[in-house]
Amino acid sequence: MDDQDPGDPASAETALRRIEDLLRELAPQVLGTLVRRHGQFDACEDAVQEALLAAALQWPVDGVPDRPRSWLLTVAGRSLVDQWRSESARRRREETAALDPAGHAPATDQDDTLVLLFLCCHPALSPSSQLALTLRAVGGLTTAEIAAAFLVPEATMAKRISRAKERVRKAGARFELPPQPERAERLGVVLHVLYLVFNEGYATSSGHVLRRAELTVEAIRLARMLHRLLPTEGEVSGLLALMLLTDARRAARTDSGGAIVPLAEQRRELWDAAAIAEGMALVTTTLGTAPVGPYQLQAAIAAVHDEAPSDQDTDWPQILALYGVLDQIAPGPAVTLSRAVALAMVHGPKAGLALLGTLDTDDRMAHTHRPEAVRAHLLEDAGDTVGARESYLQAAKKTASAPEQRYLTLRAARLRQPAPPTDPAG
Amino acid sequence: MKYMIMMFGGLGATMENRTPEWITSMHEFMLKLDGELKEAGELVAGHGLVDPSQAKTVRFQNGAPVPTDGPFAEIKESLAGYWLVDVSEERAIEIASQVVAFTEYPMEVRQITHG
């Protein structure tokens, strides 16, 4: 902090950000060390939160301590002891002796972070609890921040997190990596949780800005961390690449008024070239060296979009081929839906509509507006203005996303036939 | 005092026959009003609801709750969204009036019980 002029708001902002980044990098390491020493994941997690809050208040004023990790361990350790004291004056008094922060080497930090991720994404938890716990224990976000991100009251989120910790404890989870036979499956859950965090941020990113951490940014940070820990896992690389290649379009996804801009109409010069380059490199080095999986394929598809200089130059046959592979290894209605779009781009809207029709009876799609929205676009491309308008309106009624609703209503309004004036209150 | 300001009608009812320009200006108006209420410290909560055509209604029939598709009331009488504001009744009515002037749809203002 010595090189910062405290009077300059820009550099003060940078300094604050640096402290936040450092704190959140250290959060899972400190927690891992504490849990390894004392067990009691839930108590340790509370203690680390307190230490993070104390640091967030103190470091910007006093400067970052020379050994920030030890500082956090000491404060968290003290808080843990306080907790125990208040629970029972006698119980575990000897623990105070074990709280010397210099005692343990950071050699296991990386494993600890990984173990924590597996623990927070425990199969006994509901997805919403997995998300919340991961963001707090591994991401180092405060309950208030997580609550703001998910648009629920802080008390609700606090309950959700404490219930989640209780459930992890009751499930008898141990602070160690899952045994090898389960590990692939458990890693799949971890990846899915990070994917959900990303999507939550991506779907709500227009208009709604988080105070400290956008969920997409946080998801990318966690995926990057996981990639560092497991560099040869193809699906981890694939997920990170998918996030980077998707988030790269963020600035172009909405216009100045916050309205959605579809991919075909986006100003590509607004795309983040550095993120695209990083994602592309990940896709290139991963494909062929690891067993192919759905995240890698989706990343490859995003890469084809991102490398096209314009919408017209998009290599749709390549995208269609990739969706074909995806359909074979991980079939599902969402894949069929995307394949219908690609099919329409290669073989015309009628071909796309025919494939889309196969989803009409699929119950898994009953709760989403997306098939209807795709149908609307394809009908519009096919020149069926009346049908397209009807589908846009149907899709608008189905979506719970306000920006989507507005986008679809506007598309419908553009296709509107002049109608006789009606009494709006009638 | 806390008041709930309720808006009725579905997406279809309010927007179906509007021009793109009207829809855009309506959105801007709502964003602005939301911002003002937040800025003034008057807004407690506020949410829009999905179109009433997506609603499920649970009725007590033959001695048991029975869920069915669709809203209980006519769509134009169905709740579309609400603001919860911490203001005087006068101010609550003033807020509602601003919206009604724009949408031309009726709104209801009711005090929240306390204690």
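## A tour from chain B into chain A

Start by selecting chain B and colouring it by secondary structure: from the N terminus on, its elements run β-α-α-β-β-β-β-α-β, which amounts to three helices and six strands, where helices (H or I, at least four residues) and strands (E, at least two) are DSSP runs numbered from the N terminus. This is a predicted model, in which local features need pLDDT of at least 70 and side-chain atom pairs count only at pLDDT 80 or more, while totals for chains, interfaces and linings use all residues. Residues are numbered from 1 along each chain as its sequence is written, chains are lettered from A and ligands numbered from 1 in the order in which they are written, and side-chain values use heavy atoms, with hydrogens and water left out.

With chain B still selected, its C-alpha trace spans about 50 × 45 × 20 Å along the principal axes. Buried residues (under 20% relative accessible area with a 1.4 Å probe, protein chains only) make up 34% of the 115 residues in this chain. Among its contacts (heavy atoms within 4.5 Å) between residues at least 6 apart in sequence, 74% join residues at least 24 apart.

Next, show the interface, to which chain B gives 18 residues and chain A gives 18 residues. The area buried between the two chains, meaning the accessible area (1.4 Å probe) lost on putting them together, summed over both, is about 1,700 Å², with 60% of it from carbon and sulfur atoms. Looking for polar contacts (N or O atoms within 3.5 Å, one able to donate a hydrogen and the other to accept it), the rule finds one residue pair across this interface, both at pLDDT 80 or more. On the side of chain B that touches chain A, the elements giving two or more residues are α1 (11-15) and α2 (20-39) of chain B, and the largest share, four residues, comes from α2(B).

Now move to chain A and select Phe41(A), Leu72(A) and Leu226(A), the residues with the most contacts inside the largest nonpolar core, which has 121 residues; such a core is a set of buried Ala, Val, Leu, Ile, Met, Phe, Trp, Tyr and Cys residues joined through side-chain atoms within 4.5 Å. Helix α2 of chain A (residues 41-62) provides the largest share of this core, nine residues. Centre on Leu226(A), and its partners, not counting residues up to four places away in sequence, include Leu114(A), Leu117(A), Leu187(A) and Val236(A).

Finally, select Ala413(A), Ile5(B), Trp83(B) and Ala96(B), which are among the members of a second, separate core of 21 residues.

How values were computed
Buried means under 20% relative accessible area, exposed over 50%, partly exposed in between (1.4 Å probe, protein chains only). A polar contact is a pair of N or O atoms within 3.5 Å; within protein, one must be able to donate a hydrogen and the other to accept it, and residues adjacent in sequence count only if both atoms are side-chain atoms.
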